[in-house]
Structure formats: structure tokens, C-alpha cells
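Hello,

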Amino acid sequence: MGKPRREEEGYEGDPLIPILNLVCMLIPLLLYGAVFVRFMTLDVNAPKIAQAPAQQQPEENKALNLTVMITDQGFHFKVNPIHRLPWMSQATDTASAGPDIPKKDDDWDFEEFNRKLKELKDLHREEVNIILGAEDDIPYEVLIKAMDYSRGGSEEETQLFPIVTLTRGVV
Amino acid sequence: MAQGINSADIDAIWAEKQKAKKEKRRRRKVERDKLLINSLMDAFTIILCFLMKSFGSDPVQIRQSDELMLPRTSEDKQGLEDAIVIAISKRAIMVQDNKVADLRDGTVDESLKRDGADGLLINPLLDALKERVQHLKMLSARTNRPFEGMALVVADSKTSYRLLTEVLYTAGQAEFEKFKFVAAEGAKYGASLK
């Protein structure tokens with residue numbers, strides 16, 4: 001005669017039904033509110049609202065003052081005239097000058113933008129500030145992409161210009 | 001001896017056996033049900049724990065939708081902080097999930113601006129933000145912590161730069177000085193950003 005099988009201990013069926021009902025209601029509720037995407041934040045300094053570029057005395061002000069304007073044609077660079085590089089436009093207003101980095105295949109050439117920023121960073125290792133501006137109809141995602149490229153890599157030694165200040169419109 | 005068992009006895013034995021079989025089958029079925037409910041309870045408990053964890057881990061709850069699709073970023077260091085949330089969707093501007101101004105074709109109606117179509121200041125947004133600032137300053141005074149004036153900007157990826165600067169300018173007028181743009185992680189830009 002074999003050993004009598006030990007009866008398995010299990011939950012009692014009936015008292016669990018209200019708990020199961022509650023759980024079944026909680027799951028859709030929590031699923032609705034759950035966030036499966038991680039969100040990151042990008043620091044931005046308050047926009048400068050000055051409509052005209054500040055009057056600078058190049059002899060007194062030796063800072064780079066790097067400003068990049070994003071227009072429908074491409075990227076326009078502006079720096080303190082004493083630091084101007086040969087590929088930068090000499091025009092004082094963005095509207096009349098062609099872009100320093102024109103669009104490529106109907107899209108902004110971010111790789112070239114990144115290369116030019118690296119060139120500037122190599123010449124000004126201590127500089128961390130960049131002023132970004134854009135035309136009125138430039139989408140927010142392009143600005144975020146430009147901020148990502150101007151920040152550079154995530155390591156400190158590969159960072160380019162991580163401190164971003166926005167400026168109102170195209171100057 | 002064989003003649004001692006009549007057909008009525010055989011029927012009775014047969015019926016008893018059938019009854020025993022039925023009882024056995026019923027017991028087996030009940031056991032199987034118990035097993036199912038055990039697994040189900042385990043699965044539900046695990047799902048519930050996972051969902052509750054993801055529900056309460058961030059100080060600010062942001063939900064993406066067709067109206068509010070966040071751009072992607074390669075930033076990988078900072079998470080969300082507890083601050084006033086200014087959201088710009090395709091249809092409205094919201095402060096802490098309360099709609100303050102409607103948008104038409106991605107622009108604010110000029111009647112809602114202080115200086116008309118070319119103006120930067122959005123009146124209802126300024127009022128809502130000032131109210132929040134007043135509340136935050138009162139809390140800061142009670143907790144002896146300085147008012148930071150920080151706002152999280154949650155904007156749809158197609159928001160125009162013009163609207164963005166209008167919102168930032170208005171927030172600046174309401175004493176907000178620090179801004180953090182919120183974007184979803186996971187942008188892939190190629191080797192140049194490594």
C-alpha cells in the first residue's frame with residue numbers, strides 16, 4: 001500500500017475572488033499611468049531678448065561669444081570678430097549672408113556642424129558657452145538636436161559647448 | 001454461488017463504481033482549478049509590483065500622446081526633477097496639466113497676447129504662472145528654502161521656435177529663471193557624438 005499523497009496546500013478559491021477583482025481593476029489603471037520611456041532634461045539659460053546685437057569693443061572683449069543661428073537654409077556662425085575663422089561669413093546680419101553650413105539633402109548638416117564646433121573648441125579649450133537662436137518656424141526637435149551636437153560627447157573631455165543660452169529669433 | 005448475485009446487485013455495484021469515478025474526476029478538476037488560481041495570483045502580484053514601481057519613481061508624470069510627442073535626445077545624465085511643468089502640445093499650453101491657452105496652427109491667438117500678433121507675452125500663461133510662483137514662494141518661506149524659479153518645459157517636437165520663445169519669455173516675466181527642456185532618451189546620432 002503506497003503512502004497517501006500529501007494534499008497540496010493552496011489558496012482557497014472563494015475568498016480570493018474579490019482580491020482578484022481588485023487586482024484586475026488596478027492593473028489597467030496602473031498601465032494607463034505607467035511610463036515606459038525615460039525622460040532626460042537639458043539645461044537652458046533664459047533667452048536673451050535683445051533684438052539687436054550688443055555693441056562690442058573687440059579690443060576689450062576677448063571672449064569667443066559663439067552664437068549659432070539655425071535658419072531654413074542651414075547654420076550661421078557668429079563669433080567675436082577677433083576670433084573669426086576663414087569659413088565664417090563676414091556679414092553682420094544673418095538674413096543677407098548665406099549659411100556657413102548649408103543644408104544637405106534638404107536636412108540640416110549636423111555632422112558638419114559638429115565638426116566646425118570641434119574646430120572652434122580645439123582653438124578655445126576653456127570656452128563652454130554657446131548661444132543658440134533660430135528662425136520662428138524652426139521646429140523644437142531641430143533645436144534639441146543642435147543642443148545635443150553642441151554639447152558633444154557625454155564624457156568631460158569630449159564635451160564641446162554644454163552651457164546653452166537661447167536667443168530670441170535671428171540676429 | 002454465482003446464482004446468488006442477481007442483476008439488481010450488479011447494477012448497484014456498477015452505479016457505485018460510476019459514482020466513485022465521477023467523484024474522483026470532480027476532485028481532480030477542483031485541484032486543477034486551485035493550481036490555476038495560484039499561478040494567476042503570482043503573475044498578478046509580479047505585474048502589480050512592477051507597475052507600482054514604474055508609477056511612483058519619477059517626481060513628475062509625463063505622458064506622451066499624438067498631441068504631445070517629445071523629441072529624442074542623446075543626453076544621458078539627468079532625470080526629471082520636481083518643478084513646475086509647462087507643457088506645449090499641438091493644441092494647447094498647459095501649466096501643471098491645466099490648460100491655460102488654446103493653440104491654432106501652432107500659434108497663440110493674438111487676443112491672448114499683451115502686444116498683439118508680434119507680442120511675446122501670453123497673458124493667461126503669465127497669470128497661471130504668477131499664481132504658481134506665489135504659492136511656491138509661500139511654501140519656500142515656510143520651509144526656509146529659497147525659491148529656485150525652475151520650470152520644466154515639455155514641448156511637442158514640432159513646436160515652433162517662435163512659440164517656444166514666447167512661452168520662455170512669459171515664464172521669465174513670472175520670475176522663472178532656470179529652464180529644463182524635457183526630451184525622451186534614445187537619440188542615435190552616429191559616431192561623432194561618442
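The notes cover numbering, then helix packing, then domains.

This is a predicted model, in which local features need pLDDT of at least 70, side-chain atom pairs count only at pLDDT 80 or more, and totals for chains, interfaces and linings use all residues. Residues are numbered from 1 along each chain as its sequence is written, with chains lettered from A and ligands numbered from 1 in the order in which they are written.

In chain B, helix H2 (residues 123–143) packs on helix H3 (residues 161–173) at about 40 degrees, the axes being 9 Å apart. Helices are DSSP runs of H or I with at least four residues, numbered from the N terminus. Axes are lines fitted to C-alpha atoms over the stretch in contact, and angles run from 0 to 180 degrees between N-to-C directions. H2(B) is therefore oblique to H3(B) (oblique is what remains after under 35 degrees, roughly parallel, over 145, roughly antiparallel, and 65 to 115, roughly perpendicular).

Leu125(B), Leu126(B) and Leu129(B) of H2(B) meet Val167(B), Thr170(B), Ala171(B) and Gln173(B) of H3(B); contact requires C-beta atoms, placed from the backbone, within 7 Å.

In chain A, helix H2 (residues 110–123) and helix H3 (residues 140–151) pack at about 35 degrees, with axes 9 Å apart. From H2(A), the contact uses Phe110(A), Phe113(A), Asn114(A) and Leu117(A); from H3(A), Lys145(A), Tyr149(A) and Ser150(A).

Chain B is assigned domain 1 (2–56) and domain 2 (72–185), with bounds from an automatic or database domain assignment. Their centres, taken over C-alpha atoms, are 61 Å apart.

Regards

Technical notes
Helix = DSSP H or I, 4+ residues; strand = E, 2+ residues; numbered from the N terminus. Contact = placed C-beta atoms within 7 Å.
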